Amino acid sequence: MEMRRGAFQFGYWWIHVTWAGTIVHKVSFSRTGEEADIPLQLRQYLNGKVNGISPLTSVALESDYPYSKIYREVSKIPYGITKTYSEIAEITKTNPRLVGNAMKRNPTPLIIPCHRVVAKEGIGGFTPDIEIKKSLLLMEQKFSKSLNLS
DNA sequence: TCTGTTATTGCGC
DNA sequence: GCGCAATAACAGA
């Protein structure tokens, strides 16, 4: 399967995606970019038009990745829902601190919905910009609410 | 190898 | 409120 690279503008940030088929290998952020195709499901998700990115998955879920247990648990969090670092830590028998570490080193944010993991009191963090996390959570909340109404 | 660094939390003061 | 330990992967030296 051929590896492809694309970019999508989201607010003030560009989201760069590297993928092959339905497996996403890398997601990164930068201030500048140039429009280039990304997987359709991801684009619709970022536009707030669908409540998920199925069938896309991440290389980080492959079992030989160090934090894969944490990543698998995080990817189970449904659209529009948030969990805390400590909840993930309890399930994976690790430490909340380590969960934060895993999120920071997440090679594919969005695909692994690390923005749905928040601190017990507060939002937690996000690299490179907390505003991205806030926008994503706000967008998900709005869209899931509109689904309930219809 | 060894050390410093995390997107945290809960407890003691 | 503040300081600190728990705890494991990783980068850089």
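A pocket here is an open set of points on a 1 Å grid over the protein atoms alone, where a 1.4 Å probe fits and protein lies on both sides within 12 Å along at least five of seven lines; lining residues have an atom within 4 Å of a point. Grid points are joined across faces, edges and corners, and a volume is the space filled by probe spheres set on the points. The model is predicted, with local features needing pLDDT of at least 70 and side-chain atom pairs counting only at pLDDT 80 or more, while totals for chains, interfaces and linings use all residues. Side-chain values use heavy atoms, with hydrogens and water left out, and residues are numbered from 1 along each chain as its sequence is written.

The volume of the largest pocket is about 310 Å³. Its lining consists of 18 residues, and those nearest the centre are M103, K104, P109, F126 and T127. Two elements, β3 (23–30) and α4 (96–104), each give two or more residues to this lining; helices (H or I, at least four residues) and strands (E, at least two) are DSSP runs numbered from the N terminus. Strand β3 is the main contributor, giving four residues. By residue class, the lining of the largest pocket holds ten nonpolar, five polar and three charged residues, where Ala, Val, Leu, Ile, Met, Phe, Trp, Tyr, Cys and Pro count as nonpolar, Asp, Glu, Lys and Arg as charged, and the others, Gly among them, as polar.

The second largest pocket has a volume of about 170 Å³. It is lined by 14 residues, with I53, S75, I111, P113 and R116 closest to the centre. Nine of the lining residues of this second pocket are nonpolar, four are polar and one is charged.

Strand β3 also belongs to an open sheet of four strands, ordered β1-β2-β3-β4 with mixed pairing; two strands pair if DSSP finds at least two bridges between them. The edges are β1 (4–10) and β4 (57–58), each of which pairs on one side only. Seven bridges link β2 (residues 13–20) to β3 in the antiparallel sense, and V17 stands opposite V27 of β3. Another bridge places W14 with S30 in β3. The two strands β2 and β3 form a hairpin with two residues between them, and G21 in the turn has a positive phi of about 65°. By contrast, β3 and β4 run parallel and are joined by two bridges, I23 having T57 in β4 as its bridge partner.

Helix α5 (residues 130–149) packs on the sheet and touches β1, β2 and β3, its direction making about 80° with that of β1. Axes are lines fitted to C-alpha atoms, for helices over the stretch in contact, and angles run from 0 to 180 degrees between N-to-C directions.

In helix α4 lies A102, which counts as buried because its relative accessibility is 0%. Leaving aside neighbours within four places in sequence, A102 is in contact (heavy atoms within 4.5 Å) with Y67, I70 and Y71. A102 and I70 are 32 residues apart in sequence, yet their C-alpha atoms are 7.3 Å apart in space.

Note on methods: Chains are lettered from A and ligands numbered from 1 in the order in which they are written. Buried means under 20% relative accessible area, exposed over 50%, partly exposed in between (1.4 Å probe, protein chains only).
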